[in-house]
Amino acid sequence: MDFAFDNSFHGSMEGFYAPAEAAKPLAPRLLAFNHALAERLGVDASGASDEQIARIFSGEEPPKGANPLALAYAGHQFGHFSPQLGDGRALLLGEIVAPDGARFDLQLKGSGPTPFSRNGDGKAAIGPVLREFLVSEAMAAMGVPTTRALVAVATGDRVQRERAHPGAVLTRVASSHIRVGTFQFFAAHFGVDHVVQLSDYSIRRHFPDLAEAANPHLALLDRVIGLQCELVAHWLGVGFIHGVMNTDNVAISGETIDYGPCAFMDRFAANTVFSSIDANGRYAYGRQPQIMHWNMARFAEALLPAIHQVDATDVETAKALVAEVPGRFAAIWHARLRRKLGLNESHDGDSALFDTLFGELERHQVDFTLFFRGLAAMLRGDGTKLEALLPDADAMVAWIADWWARLARETDAPLERADAMNAVNPLYIPRNHLVEAALGAGEEGDLTAWLELLDVVRHPHVQREGLALFEAPAPAEFGPYTTFCGT
């Protein structure tokens with residue numbers, strides 16, 4: 001296998017990382033290979049055997065041209081600043097330049113200890129690897145900006161957590177792995193020159209149009225805020241809960257990164273939390289916009305020395321940008337909600353319609369995903385799908401009447417609206433009970449259910465025959481759901 005490596009971070013950002021090597025796996029075995037993503041990257045695997053792929057992407061035989069390194073970063077974890085975190089169980093192999101010129105990081109996750117491991121084993125268990133592969137592919141199919149999974153490899157090792165699990169390595173693909181926490185690390189430990197260097201590199205890599213701005217570092221803050229507003233609006237729109245929105249899990253590229261204790265809601269509740277370590281609900285579904293705002297304030301703090309160095313008066317502009325985040329997010333979120341509800345125009349009263357909707361969804365414990373598909377079915381003349389989601393015939397009658405009245409203020413035909421709604425409202429998501437069943441079987445060596453679920457969520461919007469099982473919410477006996485961090 002040939003890789004078009006061009007490792008700009010390794011070559012131009014010495015001091016921002018530590019060289020490292022992967023631990024040698026006991027008996028690497030290929031679990032899954034993302035052929036479509038490999039084609040996107042320009043990686044030709046047609047002549048490679050499963051055994052060769054497993055050796056390369058387990059870390060046993062690093063590919064030619066790789067410069068393995070562990071990135072340095074800090075981060076606020078549940079609101080408390082940890083001055084040094086870094087890639088404790090990940091190796092950046094290098095950067096691939098795709099045929100269209102786009103640049104992507106290729107990173108091994110779970111490949112063993114690094115200088116940043118803090119006494120951890122640096123390994124990953126098969127369950128978290130399969131979860132990240134599955135959920136990140138589902139997010140990509142739904143149009144949510146995300147890192148991607150290229151390869152999953154079983155290592156043959158045993159990884160000790162609450163008990164021993166089969167080990168695995170995930171190969172993650174990202175526009176980069178530069179995080180808010182990366183800026184925090186160098187602002188805290190090295191000062192303005194390093195922050196400027198990191199900001200300049202980030203602009204060259206991700207946002208070259210900002211290089212000519214009067215204050216490029218201020219422009220970077222503005223751009224990242226916009227991307228994060230878009231990202232969290234995407235999350236809310238599909239009922240996704242990240243679980244650990246620490247600043248070291250916030251990529252400046254605007255991609256979803258680090259699928260640890262994450263999940264999708266079934267019945268709507270704004271305070272839904274799935275993470276076992278989020279005891280106080282800091283990262284609950286409904287709090288994600290506020291936490292995004294808080295994280296952007298931390299990003300601004302880290303960038304302020306660089307912003308100030310160009311123009312001291314721009315510090316006040318940076319503060320204003322942070323203060324404007326809630327309004328900026330609301331505009332983006334409301335635009336997404338309009339698309340979900342089949343609306344194309346902005347009208348007075350929309351905010352009240354949206355607020356009332358979420359109150360009603362919570363009061364009647366309605367399945368979030370199926371509700372919007374039910375509305376589209378109603379536009380086609382089939383009200384049975386929506387009725388089946390509600391506790392009684394009178395539930396949400398007033399809101400539905402208001403929605404019909406709001407639709408009447410626009411001119412689109414019902415069938416066109418329904419098609420547009422189904423194009424943005426998924427039918428198939430990684431339902432938690434199905435994910436758990438698939439991961440449990442996968443840990444025992446049977447990937448049948450996992451592969452079937454992966455195929456389903458890669459085509460989330462178009463209903464297919466024989467997949468009714470994948471549409472349905474969890475059965476009542478599934479009970480409360482909790483997810484755990486892979487470390």
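Colleague: Hi! Before we get into details, what kind of model is this?

Modeller: Hello! The model is a predicted one.

Colleague: Thanks. How many helices and strands does the protein chain have?

Modeller: There are 18 helices and twelve strands in the protein chain. Its radius of gyration is 23 Å, close to the 23 Å from the globule rule for 487 residues, so the chain is as compact as a globular protein of that length.

Colleague: And what box do the C-alpha atoms fill?

Modeller: Roughly 65 × 60 × 45 Å, taken along the principal axes.

Colleague: What share of the residues is buried?

Modeller: Buried residues are 58% of the 487 in the protein chain. As for the surface, the accessible area is about 19500 Å², and carbon and sulfur atoms account for 52% of that.

Colleague: Let's switch to charges. How many positive and negative side chains are there?

Modeller: The protein chain has 40 positive and 60 negative side chains. The centres of those two sets lie 2 Å apart.

Colleague: How many salt bridges does the structure hold?

Modeller: It holds 30 salt bridges. In general, side chains of opposite charge can pair when their charged atoms come close.

Colleague: Pick one for me. Which residue does arginine 172 pair with?

Modeller: Arginine 172 has a salt bridge with aspartate 258, and the closest N and O atoms are 2.8 Å apart. Arginine 172 sits in strand S10 (residues 164–174), while aspartate 258 is in the loop between strand S11 (240–241) and strand S12 (263–264), so the pair ties together parts that are 86 residues apart in sequence.

Colleague: Are those two buried or exposed?

Modeller: Both arginine 172 and aspartate 258 are buried.

Colleague: And what about the pair of glutamate 61 and arginine 55, how far apart are N and O there?

Modeller: Their side chains meet in a salt bridge at 3.0 Å, N to O. Glutamate 61 is partly exposed, at 37% relative accessible area.

Colleague: Which partner does glutamate 410 meet in a salt bridge?

Modeller: That would be arginine 417, at 3.5 Å from N to O. Glutamate 410 is buried, with 7% relative accessibility, and arginine 417 is buried with a relative accessible area of 4%.

Colleague: Tell me about aspartate 105, then. Where is it?

Modeller: Aspartate 105 is in strand S7 (residues 103–109). It counts as buried, at 2% relative accessibility. Leaving out neighbours within four places in sequence, its contacts include Glu95, Arg172, His177 and Arg205.

Colleague: How far is aspartate 105 from alanine 398?

Modeller: Their C-alpha atoms are separated by 50 Å, and the two are 293 residues apart along the chain.

Colleague: Now a charge without a salt bridge. What is the nearest side chain of opposite charge to aspartate 248?

Modeller: That is arginine 179, 5.1 Å away. Aspartate 248 is buried yet has no salt bridge, and the reason is distance, because a salt bridge needs the nitrogen and oxygen within 4 Å. Aspartate 248 lies in the loop between S11 and S12. Among the residues it touches, beyond those up to four places away in sequence, are Tyr73, His76, Arg179 and Asp258.

Colleague: What does histidine 364 touch?

Modeller: Not counting residues up to four places away in sequence, histidine 364 touches Pro391, Ala395 and Met396. Histidine 364 lies in the loop between helix H11 (350–363) and helix H12 (368–379), and it is buried at 15% relative accessible area.

Colleague: Last one: where is leucine 303?

Modeller: Leucine 303 is in helix H8 (residues 288–310). It is buried, with a relative accessible area of 0%. Leaving aside residues up to four places away in sequence, leucine 303 touches Phe183, Val195, Ser199, His217, Leu220 and Leu221.

Terms used: Residues numbered from 1 in each chain as written. Predicted model: local features only at pLDDT ≥ 70, side-chain atom pairs only at ≥ 80, totals over all residues. Heavy atoms only, no water. Buried < 20%, exposed > 50% of the residue type's maximum accessible area, 1.4 Å probe, protein only. Helix = DSSP H or I, 4+ residues; strand = E, 2+ residues; numbered from the N terminus. Rg over C-alpha atoms; globule rule 2.2 N^0.38 Å. Areas by Shrake-Rupley, 256 points an atom, 1.4 Å probe, with all protein chains shown as cover. Lys, Arg positive; Asp, Glu negative; His and termini not counted. Charge placed at Lys NZ, Arg CZ, Asp CG, Glu CD. Contact = heavy atoms within 4.5 Å.
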